[in-house]
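Please have the sequence and the model open while reading.

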Amino acid sequence: MMTEPWQRLPALSLRQLQYFVTLAQLRHFTDTASKLAISQPALSSALRQIETVLGGKLVNRTASAVTLTELGTAILPHAQRVLSVAQLAFDDMQHIVQAGGDGTVRIGLIPSVSSLLFPLLPQTLARAFPRLRVEFHDQTNDALVAQLLKGQIDFGIGALDNSVPDQLNVFPLQDDPFVAVIHSDDPLAASAHLPWKQLAGRDIAVFSKGNIQRLVAALAESHRLSLPTRYQVDYIETLYGLVRSKLAVAILPQLYTTHLQDPQLRVVHLQQPALARTVALMRVPQPLPPLIESCFTLMADTLRTK
(Lines give C-alpha, C1' and ligand atoms only; values in the text may rest on other atoms or scores of the structure.)
Protein backbone atom coordinates (compact mmCIF):
# COMPACT_ATOMS: atom_id res chain seq x y z
CA MET A 1 0.00 0.00 0.00
CA MET A 2 1.36 3.41 -0.98
CA THR A 3 2.06 5.75 1.92
CA GLU A 4 0.24 9.08 1.82
CA PRO A 5 2.64 12.03 1.39
CA TRP A 6 1.72 13.53 4.77
CA GLN A 7 2.64 10.22 6.45
CA ARG A 8 6.18 10.51 5.07
CA LEU A 9 6.75 13.97 6.53
CA PRO A 10 9.54 14.16 9.13
CA ALA A 11 8.54 14.60 12.75
CA LEU A 12 9.26 18.33 12.84
CA SER A 13 6.83 21.01 13.90
CA LEU A 14 6.66 24.56 12.62
CA ARG A 15 7.41 25.71 16.13
CA GLN A 16 10.65 23.72 16.20
CA LEU A 17 11.68 25.28 12.89
CA GLN A 18 10.85 28.68 14.36
CA TYR A 19 13.16 27.94 17.27
CA PHE A 20 16.04 27.12 14.90
CA VAL A 21 15.46 30.18 12.67
CA THR A 22 15.24 32.52 15.67
CA LEU A 23 18.42 31.07 17.15
CA ALA A 24 20.17 31.48 13.80
CA GLN A 25 19.14 35.14 13.74
CA LEU A 26 20.04 36.02 17.36
CA ARG A 27 23.04 33.68 17.75
CA HIS A 28 22.43 33.49 21.50
CA PHE A 29 20.58 30.79 23.48
CA THR A 30 19.46 33.01 26.36
CA ASP A 31 18.16 35.78 24.07
CA THR A 32 16.41 33.23 21.84
CA ALA A 33 14.71 31.48 24.75
CA SER A 34 13.61 34.85 26.13
CA LYS A 35 12.19 36.03 22.81
CA LEU A 36 10.33 32.75 22.30
CA ALA A 37 9.14 32.69 25.93
CA ILE A 38 10.46 29.18 26.54
CA SER A 39 13.12 27.74 28.83
CA GLN A 40 16.66 27.14 27.62
CA PRO A 41 16.35 23.35 28.23
CA ALA A 42 13.22 23.32 26.03
CA LEU A 43 15.12 25.19 23.30
CA SER A 44 18.06 22.80 23.55
CA SER A 45 15.73 19.79 23.41
CA ALA A 46 13.93 21.11 20.33
CA LEU A 47 17.23 21.77 18.59
CA ARG A 48 18.47 18.24 19.36
CA GLN A 49 15.27 16.79 17.88
CA ILE A 50 15.69 18.81 14.67
CA GLU A 51 19.29 17.63 14.39
CA THR A 52 18.21 14.01 14.98
CA VAL A 53 15.52 14.14 12.32
CA LEU A 54 17.75 15.89 9.77
CA GLY A 55 20.76 13.76 10.62
CA GLY A 56 23.40 16.37 11.30
CA LYS A 57 24.63 19.09 13.63
CA LEU A 58 23.18 22.54 12.88
CA VAL A 59 24.89 24.82 15.43
CA ASN A 60 28.10 25.06 17.37
CA ARG A 61 27.59 26.39 20.88
CA THR A 62 30.31 27.91 23.06
CA ALA A 63 30.15 29.85 26.29
CA SER A 64 30.11 33.15 24.43
CA ALA A 65 28.52 32.54 21.04
CA VAL A 66 26.40 30.37 18.76
CA THR A 67 27.53 29.77 15.19
CA LEU A 68 25.90 27.80 12.39
CA THR A 69 27.59 24.75 11.00
CA GLU A 70 27.90 24.35 7.23
CA LEU A 71 24.78 22.18 7.31
CA GLY A 72 22.94 24.74 9.45
CA THR A 73 23.82 27.53 7.01
CA ALA A 74 22.57 25.43 4.08
CA ILE A 75 19.31 24.51 5.80
CA LEU A 76 18.44 27.98 7.17
CA PRO A 77 16.89 29.48 3.98
CA HIS A 78 14.72 26.37 3.53
CA ALA A 79 13.50 26.57 7.12
CA GLN A 80 12.73 30.27 6.61
CA ARG A 81 10.78 29.44 3.47
CA VAL A 82 8.67 26.77 5.22
CA LEU A 83 7.78 29.23 7.99
CA SER A 84 7.00 32.04 5.56
CA VAL A 85 4.77 29.87 3.36
CA ALA A 86 2.98 28.52 6.44
CA GLN A 87 2.36 32.03 7.77
CA LEU A 88 1.02 33.27 4.43
CA ALA A 89 -1.23 30.22 4.13
CA PHE A 90 -2.56 30.84 7.65
CA ASP A 91 -3.17 34.50 6.79
CA ASP A 92 -5.12 33.40 3.71
CA MET A 93 -7.23 30.99 5.76
CA GLN A 94 -8.05 33.78 8.20
CA HIS A 95 -8.93 36.10 5.31
CA ILE A 96 -11.26 33.51 3.82
CA VAL A 97 -12.98 32.92 7.15
CA GLN A 98 -13.30 36.59 8.06
CA ALA A 99 -14.04 38.21 4.73
CA GLY A 100 -14.87 35.48 2.27
CA GLY A 101 -12.99 35.18 -1.00
CA ASP A 102 -10.43 32.79 -2.41
CA GLY A 103 -7.31 34.01 -0.64
CA THR A 104 -4.48 36.25 -1.78
CA VAL A 105 -1.93 36.18 -4.59
CA ARG A 106 1.22 38.22 -3.95
CA ILE A 107 3.02 39.52 -7.04
CA GLY A 108 6.43 41.17 -6.81
CA LEU A 109 7.69 43.59 -9.42
CA ILE A 110 10.60 45.88 -10.04
CA PRO A 111 9.32 49.47 -10.45
CA SER A 112 10.26 49.86 -14.11
CA VAL A 113 7.92 47.08 -15.30
CA SER A 114 4.78 48.77 -14.01
CA SER A 115 4.03 49.96 -17.56
CA LEU A 116 3.69 46.29 -18.59
CA LEU A 117 1.13 45.56 -15.89
CA PHE A 118 -1.03 48.61 -15.34
CA PRO A 119 -3.84 49.33 -15.85
CA LEU A 120 -4.93 46.28 -17.87
CA LEU A 121 -3.47 43.31 -15.99
CA PRO A 122 -5.24 43.93 -12.64
CA GLN A 123 -8.51 44.28 -14.56
CA THR A 124 -7.86 40.99 -16.36
CA LEU A 125 -7.12 39.19 -13.09
CA ALA A 126 -10.17 40.72 -11.40
CA ARG A 127 -12.47 39.49 -14.18
CA ALA A 128 -11.01 35.97 -14.12
CA PHE A 129 -10.74 35.65 -10.32
CA PRO A 130 -13.25 38.07 -8.78
CA ARG A 131 -12.89 36.63 -5.26
CA LEU A 132 -9.10 36.54 -5.27
CA ARG A 133 -7.27 39.35 -3.51
CA VAL A 134 -4.31 40.56 -5.62
CA GLU A 135 -1.36 42.34 -3.98
CA PHE A 136 1.50 44.03 -5.85
CA HIS A 137 4.82 44.53 -4.04
CA ASP A 138 7.37 46.74 -5.77
CA GLN A 139 11.01 46.30 -4.79
CA THR A 140 14.53 46.03 -6.13
CA ASN A 141 15.49 43.00 -8.16
CA ASP A 142 17.64 41.61 -5.33
CA ALA A 143 14.78 41.95 -2.82
CA LEU A 144 12.34 40.33 -5.27
CA VAL A 145 14.61 37.29 -5.67
CA ALA A 146 15.09 37.02 -1.90
CA GLN A 147 11.35 37.18 -1.24
CA LEU A 148 10.65 34.51 -3.87
CA LEU A 149 13.16 32.17 -2.26
CA LYS A 150 11.64 32.76 1.19
CA GLY A 151 8.08 32.26 -0.06
CA GLN A 152 7.04 35.81 0.84
CA ILE A 153 5.63 36.40 -2.65
CA ASP A 154 4.12 33.88 -5.07
CA PHE A 155 5.85 35.06 -8.22
CA GLY A 156 7.42 38.19 -9.60
CA ILE A 157 8.54 40.17 -12.62
CA GLY A 158 12.19 41.10 -12.51
CA ALA A 159 15.36 41.31 -14.53
CA LEU A 160 17.70 38.44 -15.29
CA ASP A 161 21.39 38.61 -14.45
CA ASN A 162 23.93 36.32 -12.81
CA SER A 163 22.53 37.14 -9.35
CA VAL A 164 19.32 35.22 -10.11
CA PRO A 165 19.86 31.72 -8.66
CA ASP A 166 19.28 28.51 -10.59
CA GLN A 167 16.61 27.34 -8.16
CA LEU A 168 14.16 29.86 -9.60
CA ASN A 169 12.18 29.14 -12.75
CA VAL A 170 12.31 32.04 -15.18
CA PHE A 171 10.04 32.85 -18.12
CA PRO A 172 11.53 35.61 -20.34
CA LEU A 173 9.07 38.28 -21.47
CA GLN A 174 11.08 40.86 -23.41
CA ASP A 175 14.44 42.56 -23.76
CA ASP A 176 14.72 46.04 -22.24
CA PRO A 177 17.53 48.05 -23.90
CA PHE A 178 19.56 50.61 -21.98
CA VAL A 179 19.15 54.28 -22.84
CA ALA A 180 20.68 57.57 -21.79
CA VAL A 181 18.50 60.44 -20.57
CA ILE A 182 20.20 63.67 -21.59
CA HIS A 183 19.33 67.35 -21.23
CA SER A 184 17.85 68.73 -24.45
CA ASP A 185 20.59 71.42 -24.59
CA ASP A 186 23.33 68.77 -24.56
CA PRO A 187 25.00 68.30 -27.98
CA LEU A 188 24.65 64.53 -27.53
CA ALA A 189 20.86 64.85 -27.43
CA ALA A 190 20.69 65.54 -31.16
CA SER A 191 21.09 61.90 -32.23
CA ALA A 192 18.66 59.04 -31.69
CA HIS A 193 21.47 56.55 -31.09
CA LEU A 194 24.65 57.11 -29.11
CA PRO A 195 27.82 54.98 -28.87
CA TRP A 196 28.82 54.34 -25.27
CA LYS A 197 32.29 55.73 -25.87
CA GLN A 198 30.82 59.21 -26.37
CA LEU A 199 29.82 59.19 -22.69
CA ALA A 200 33.41 58.60 -21.60
CA GLY A 201 34.43 61.09 -18.95
CA ARG A 202 30.89 62.39 -18.44
CA ASP A 203 29.36 62.34 -14.96
CA ILE A 204 26.90 59.47 -14.88
CA ALA A 205 23.82 59.03 -12.68
CA VAL A 206 22.38 55.56 -11.98
CA PHE A 207 20.17 53.90 -9.42
CA SER A 208 21.99 52.89 -6.26
CA LYS A 209 20.04 49.64 -5.80
CA GLY A 210 19.27 46.71 -8.04
CA ASN A 211 21.22 45.27 -10.92
CA ILE A 212 21.44 48.29 -13.26
CA GLN A 213 24.63 49.58 -11.69
CA ARG A 214 26.22 46.11 -11.93
CA LEU A 215 25.38 45.79 -15.63
CA VAL A 216 26.73 49.24 -16.51
CA ALA A 217 29.90 48.70 -14.47
CA ALA A 218 30.50 45.34 -16.15
CA LEU A 219 30.12 46.87 -19.61
CA ALA A 220 32.47 49.75 -18.77
CA GLU A 221 35.09 47.32 -17.47
CA SER A 222 34.86 44.90 -20.40
CA HIS A 223 35.14 47.71 -22.98
CA ARG A 224 37.64 49.78 -20.98
CA LEU A 225 35.39 52.81 -20.85
CA SER A 226 35.61 55.59 -18.29
CA LEU A 227 32.03 55.93 -17.04
CA PRO A 228 32.30 57.45 -13.56
CA THR A 229 29.02 56.92 -11.71
CA ARG A 230 29.20 60.15 -9.75
CA TYR A 231 25.60 60.01 -8.61
CA GLN A 232 23.82 56.96 -7.22
CA VAL A 233 20.22 57.66 -6.29
CA ASP A 234 17.15 55.77 -5.08
CA TYR A 235 14.34 57.52 -6.95
CA ILE A 236 13.71 58.26 -10.58
CA GLU A 237 12.72 61.89 -10.00
CA THR A 238 16.11 62.49 -8.39
CA LEU A 239 17.73 60.92 -11.43
CA TYR A 240 15.79 63.16 -13.80
CA GLY A 241 16.46 66.19 -11.57
CA LEU A 242 20.21 65.70 -11.95
CA VAL A 243 19.79 65.69 -15.73
CA ARG A 244 17.54 68.75 -15.68
CA SER A 245 20.22 70.53 -13.65
CA LYS A 246 22.83 69.52 -16.26
CA LEU A 247 24.86 67.77 -13.59
CA ALA A 248 24.82 64.31 -15.13
CA VAL A 249 23.71 61.94 -17.86
CA ALA A 250 21.36 59.26 -16.56
CA ILE A 251 21.69 55.66 -17.69
CA LEU A 252 18.74 53.33 -17.18
CA PRO A 253 16.62 50.71 -18.99
CA GLN A 254 14.11 51.99 -21.50
CA LEU A 255 11.02 50.75 -19.60
CA TYR A 256 11.66 53.40 -16.94
CA THR A 257 11.15 56.11 -19.56
CA THR A 258 7.82 54.80 -20.91
CA HIS A 259 5.83 57.71 -19.45
CA LEU A 260 8.54 60.36 -19.57
CA GLN A 261 7.17 63.56 -21.10
CA ASP A 262 9.53 66.44 -20.41
CA PRO A 263 10.74 68.88 -23.09
CA GLN A 264 13.99 69.31 -21.15
CA LEU A 265 14.88 65.63 -21.35
CA ARG A 266 15.78 63.45 -24.31
CA VAL A 267 15.91 59.65 -24.40
CA VAL A 268 18.76 58.36 -26.55
CA HIS A 269 19.39 54.69 -27.33
CA LEU A 270 22.85 53.45 -26.40
CA GLN A 271 24.78 51.26 -28.83
CA GLN A 272 28.21 49.90 -29.71
CA PRO A 273 27.67 47.66 -27.89
CA ALA A 274 23.94 47.23 -27.43
CA LEU A 275 23.15 46.52 -23.79
CA ALA A 276 19.81 45.17 -22.65
CA ARG A 277 18.43 43.35 -19.67
CA THR A 278 15.86 40.59 -20.00
CA VAL A 279 12.61 41.13 -18.12
CA ALA A 280 11.13 37.83 -16.95
CA LEU A 281 8.51 36.22 -14.80
CA MET A 282 10.17 34.38 -11.91
CA ARG A 283 8.89 31.79 -9.47
CA VAL A 284 9.99 28.80 -7.44
CA PRO A 285 9.49 25.41 -9.14
CA GLN A 286 7.36 24.01 -6.30
CA PRO A 287 3.62 23.85 -7.09
CA LEU A 288 1.48 26.71 -5.81
CA PRO A 289 -2.17 26.35 -4.72
CA PRO A 290 -4.36 25.58 -7.78
CA LEU A 291 -5.99 29.02 -7.93
CA ILE A 292 -2.59 30.74 -7.69
CA GLU A 293 -1.27 28.47 -10.45
CA SER A 294 -4.21 29.49 -12.65
CA CYS A 295 -3.48 33.14 -11.87
CA PHE A 296 0.18 32.65 -12.83
CA THR A 297 -0.78 31.00 -16.13
CA LEU A 298 -3.18 33.81 -17.05
CA MET A 299 -0.60 36.45 -16.12
CA ALA A 300 2.12 34.72 -18.18
CA ASP A 301 -0.16 34.39 -21.21
CA THR A 302 -1.30 38.01 -20.93
CA LEU A 303 2.22 39.45 -20.66
CA ARG A 304 3.61 37.32 -23.48
CA THR A 305 0.98 38.66 -25.88
CA LYS A 306 1.69 42.32 -25.10
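Helix α1 buries Gln16, Leu17, Tyr19, Phe20, Val21, Thr22, Leu23 and Ala24, where buried means under 20% relative accessible area with a 1.4 Å probe and protein chains only. The model is predicted, so that local features need pLDDT of at least 70 and side-chain atom pairs count only at pLDDT 80 or more, while totals for chains, interfaces and linings use all residues. Residues are numbered from 1 along each chain as its sequence is written, and side-chain values use heavy atoms, leaving out hydrogens and water.

**Helix α1**
- The 13 residues of α1 (residues 14–26) should span 18 Å at 1.5 Å a residue, and this agrees with the 18 Å between its end C-alpha atoms.
- Arginine 27, which follows α1, has a positive phi near 55 degrees.

**Packing of α1 and α2**
- The axes of α1 and α2 (residues 29–36), as lines fitted to C-alpha atoms over the stretch in contact, come within 9 Å and cross at roughly 130 degrees.
- This makes α1 oblique to α2, the class left over once angles under 35 degrees (roughly parallel), over 145 (roughly antiparallel) and 65 to 115 (roughly perpendicular) are set aside.
- The contact, defined by heavy atoms within 4.5 Å, joins Gln18, Tyr19, Thr22, Leu23 and Leu26 of α1 to Phe29, Asp31, Thr32, Lys35 and Leu36 of α2.

**Helix α7**
- In α7 (residues 141–150) the buried residues are Asn141, Leu144, Val145 and Leu148.
- Those residues lie on the same side of α7, because they cover an arc of only 95 degrees around the axis.

Key. Helix = DSSP H or I, 4+ residues; strand = E, 2+ residues; numbered from the N terminus. Expected span 1.5 Å × (residues − 1). Buried < 20%, exposed > 50% of the residue type's maximum accessible area, 1.4 Å probe, protein only. Arc of directions from axis to C-beta. Axes fitted to C-alpha atoms, helices over the stretch in contact; angles between N-to-C directions.
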